[in-house]
Amino acid sequence: MTGDNPLRGSGAAAVRESIAKYVFMLLASMSIFLVILICYFLFSNGIPAILKIGVKQFLTGTTWKPKNNIFGILPMIVGSVYVTIGSILVGVPIGILTAVYLSKFCSKRVYKIINPAVELLAGIPSVVYGFFGLVVIVPIVAMLTRPFGGKGKSILTASILLGIMILPTIISCAKAAIDAVPENYYEGSLALGATHERSIFHVMVPAARSGIFAGIVLGVGRAIGETMAVIMIAGNQPRMPKGIFQGTRTMTANIVLEMGYAVGLHREALIATGVVLFIFLLCINLIFSFIKHKSESKY
């Protein structure tokens with residue numbers, strides 16, 4: 001029996017490690033490549049259309065009439081902003097408080113009921129949410145807002161439904177972030193005389209703010225990109241919204257509703273709308289990153 005050379009084995013391991021390193025680097029670079037590819041497609045097709053239509057006319061115009069070559073997307077931008085803010089106001093407080101409850105307050109018996117329900121919410125298709133909003137939320141909102149001129153399909157309805165849709169993302173990320181905080185933070189707070197509730201909300205939750213903000217960003221990203229459910233309950237009216245009880249059309253809904261038959265400049269204008277949507281989402285991410293860094297600098 002010949003003896004094994006340990007140097008030969010270590011050399012083979014080093015080669016395998018080097019190969020794995022480059023394979024992983026290649027796979028990780030694919031995400032960067034895909035982002036660059038998407039940006040290239042959007043901007044190469046969208047920017048010329050914006051310049052052809054006119055930057056001011058395209059971004060600040062209030063009339064969308066493709067048959068007359070009039071493309072103003074300000075109503076869709078305003079509608080997207082309203083719906084996004086509304087979904088944040090509905091979904092973020094409920095999501096964070098639910099995550100805190102699941103992580104630190106609820107019993108094991110209740111946890112076994114609520115946690116699977118949250119996971120099930122994440123798996124429900126968008127069209128089912130849309131049907132739920134159309135059959136349940138729209139009539140309730142119509143009944144409550146009828147004295148104010150509301151008809152049910154409105155910014156308020158879309159905000160409520162999108163707030164519900166982003167709950168699973170926010171709850172899962174926030175709960176994971178709170179669970180990851182070392183337990184000695186909580187115990188140290190109790191040792192200093194703080195109550196259970198004060199220890200949770202003044203120590204544990206601030207310590208988990210990075211993960212909570214990540215969940216909020218992911219949830220808002222879904223709210224902005226949601227299309228099918230919004231189409232079914234928002235009213236799809238390409239005009240400037242006069243209030244949260246009136247219908248609106250978001251940028252995503254505008255693209256989906258008209259891309260199937262759009263040609264020429266109309267199609268290019270829809271792609272340009274995608275460019276504005278991309279920049280809109282990027283600005284929201286930057287705002288949340290700024291808020292996150294500001295909050296971290298206080299601790």
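A nonpolar core is a set of buried Ala, Val, Leu, Ile, Met, Phe, Trp, Tyr and Cys residues joined through side-chain atoms within 4.5 Å. The views below come from a predicted model.

**View 1. The largest nonpolar core holds 40 residues.** Those with the most contacts inside this core are F58, W64, I73, I96, I212, I216 and M251. Helices α1 (6–53), α3 (74–105), α7 (167–179), α9 (196–207), α10 (209–225) and α13 each supply at least two of its residues. The largest share, 8 residues, comes from α13. A second, separate core has 15 residues, including V141, L162, M165 and V230.

**View 2. W64 and F71 form an aromatic pair.** The ring centres are 5.2 Å apart. The planes meet at 75 degrees, over the 60 that edge-to-face requires, so the pair is edge-to-face. Both W64 and F71 are buried. The whole structure has 4 aromatic pairs. Beyond four places in sequence, W64 touches I70, F71, G72, I73, M76, P238, N254, E258, H266, A269, L270 and T273.

**View 3. T273 sits in helix α13 (residues 265–297).** Its relative accessibility is 0%, so T273 counts as buried. Leaving aside neighbours within four places in sequence, T273 contacts F58, W64, I73, M251, N254 and I255. Among these, F58, W64, I73 and M251 are also listed with the most contacts inside the 40-residue core.

**View 4. E187 lies in helix α8 (residues 183–191).** The relative accessible area of E187 is 48%, so this residue is partly exposed. From E187 to F58 the C-alpha distance is 57 Å. In sequence, E187 and F58 are 129 residues apart.

Terms used: Residues numbered from 1 in each chain as written. Predicted model: local features only at pLDDT ≥ 70, side-chain atom pairs only at ≥ 80, totals over all residues. Heavy atoms only, no water. Helix = DSSP H or I, 4+ residues; strand = E, 2+ residues; numbered from the N terminus. Buried < 20%, exposed > 50% of the residue type's maximum accessible area, 1.4 Å probe, protein only. Phe/Tyr/Trp six-rings, centres within 6.5 Å; stacked < 30°, edge-to-face > 60°. Contact = heavy atoms within 4.5 Å.
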